[in-house]
Amino acid sequence: MTLRLYDTAARAVRDFVPLEEGRAGVYVCGLTVQSEPHVGHVRSAVNFDVLRRWLTTSGYDVTFIRNVTDIDDKILVKAGEQDRPWYNLAYDMQRELDRAYDALHVLPPTYEPLATGHIPEMLQLIEALIERGHAYAAEDGSGDVYFDVQSWPSYGELTRQKVDDMEAAADADPRGKRDPRDFALWKGHKPSEPTTASWASPWGRGRPGWHIECSAMAGKYLGEAFDIHGGGVDLRFPHHENEQAQSRAAGHPFASYWMHNAWITTSGEKMSKSLGNSLLVPHVLERVRGIELRFYMVSAHYRSTVEFSFEALAEAAQGFQRIEHFLERALAAVDADELAAVRSAGRKLRIEFIEAMDDDLGTPAAVAVIYDLVREGNRLLAGDPGADPEDRLVETLVQVELMLGVLGLDPAHPHWSTDSTNDLTGVVDALVTGLLEQRAAARADKDFATADLIRDQIKAAGVTIEDTPTGPKWSVE
RNA sequence: GGUGGGUUGGCCGAGAGGCGAGGCAACGGACUGCAAAUCCGUCUACACGGGUUCAAAUCCCGUACCCACCUCCA
């Protein structure tokens, strides 16, 4: 069984064959840090985090690069509107983004390059393109440098478009362009823009075009040829098409596989920045925990559009809590030494889970495998004692832990430890325990009215009581 | 105009020629003093119209509606 991935360029699921055995180089387009991240942005990060984790689990030595675009038109415009330096805005938003990634346990990439830190690499690439006759400096003195689309016959190959069918850029102030579809590699400095947003180049001061950044950074950290390039569907054109064109025109084979995650939509439409604050990550995290939001995203396939709703999110959270609940109960029921022994013995993942993940990261099917095991485990917990050899429960528990871990969803992982608990646990425990003792006394006297009253009061405070064979347990809702 | 994707049960969400994905909700049962949690069971769906096939949600043709990209976008 080998890993198969959907390759946008081939428009088909293909066996993953790395350039170098045992290693995988992945480049994912990160964000332009111009505003706070919403759930859609984070979906991409979660999807590719799952890819990264699965590659690692499968034994690959993964180099995972995700960039930050920290200079571009919008950053300059927004910073201008807010009357602050553009680099301050970009840095602020970058930190917001980091917080959002962290809240969803998106692992830090191997390295996260900034566009502004790689100007020399970009200039080098642009010069190579000019030498090879695939780029030219505008003759209007603007200092712009463009990629010459007509000079590269396979332009459009990634998205199967013919140059002649493409609509010319509407903004096309044709200026120094030879063809309206030519795109900027380098943008000459404009007097209206801050000088801090410009760098010296053979064509005068200026700043890089968007597409060249990724080509330069991918090349620097992954080499001229690497395995997987990812990003959101919208990036296929023009961004990824242009990246590929300019990299290949410069003589670099570039990416072997192209992967694109689908959107999270609202009301059937793409989530755009004009939607306001309701879907910003911190806002959504007021309603559910980070691990629940991650579970919601992982429950859908990365290439399927997800219609976001708080109802669906709450449902997912509900479902996840059932898994967590099983974990808690099993952990309490199982012999600690035996558990430790089984854990350290290094169990293999269930074949159904592996097959699901190998099939183009079939996380929905993988989650279904987890639920099947949770049910199995619950049955063992509920059922005929004596009939069950306890090690089956231990095995089931460890399997569930393993699978959740692969998906970045193990609630026991230290990363999530601040998520649900807080310093008041001890205080609440003392209070609730006192009340539970009163309830127990009432129940012993068959005074159920009083017992239920106490339970209702506790519940009203947001604490749920569960009677177990070993006595009542409480948990905060 | 060109390109890519979608329409699945009350809801979410997989699958991609034959074996009832899974979850949430609801209902019935077991358990419980009653609950909660858990288990068992019920709810047999694939936009529409044709076609291919022993067999179609899945393939083919057509229709309708929706979304995305071709301008910044995860």
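**A colleague's note on the cavity and the RNA surface**

1. Let's start inside the protein. The largest cavity is lined by Asn47, Val50, Val298, Ala300, Tyr302, Leu361 and Thr363. Please keep in mind that this is a predicted model.

2. What is the make-up of that lining, by class? Five of the lining residues of the largest cavity are nonpolar and two are polar, with no charged residue in the set. The space in this cavity comes to about 50 Å³, and a search of the whole structure turns up one cavity of 30 Å³ or more.

3. Which helix gives the largest share of the surface near RNA strand B? That is helix α12, spanning residues 363-382, which contributes eight residues.

4. Among the atoms of RNA strand B within 4 Å of the protein, 64% are sugar or phosphate atoms, while the rest belong to bases.

5. A few individual contacts deserve a look in your viewer. On the base side, a polar backbone atom of Ile264 lies 3.0 Å from a base nitrogen of RNA strand B, and a side-chain N or O atom of Arg443 lies 3.1 Å from a base oxygen.

Methods: Residues numbered from 1 in each chain as written. Chains lettered and ligands numbered in written order. Predicted model: local features only at pLDDT ≥ 70, side-chain atom pairs only at ≥ 80, totals over all residues. Heavy atoms only, no water. 1 Å grid on protein atoms, 1.4 Å probe; cavity = no way out; pocket = protein on both sides within 12 Å on 5 of 7 lines; lining within 4 Å. Points joined across faces, edges and corners; volume = space filled by probe spheres on them. Nonpolar A, V, L, I, M, F, W, Y, C, P; charged D, E, K, R; others polar. Near = heavy atom within 4 Å. Polar contact = N/O pair within 3.5 Å; in protein donor to acceptor, adjacent residues only side chain to side chain. Helix = DSSP H or I, 4+ residues; strand = E, 2+ residues; numbered from the N terminus.
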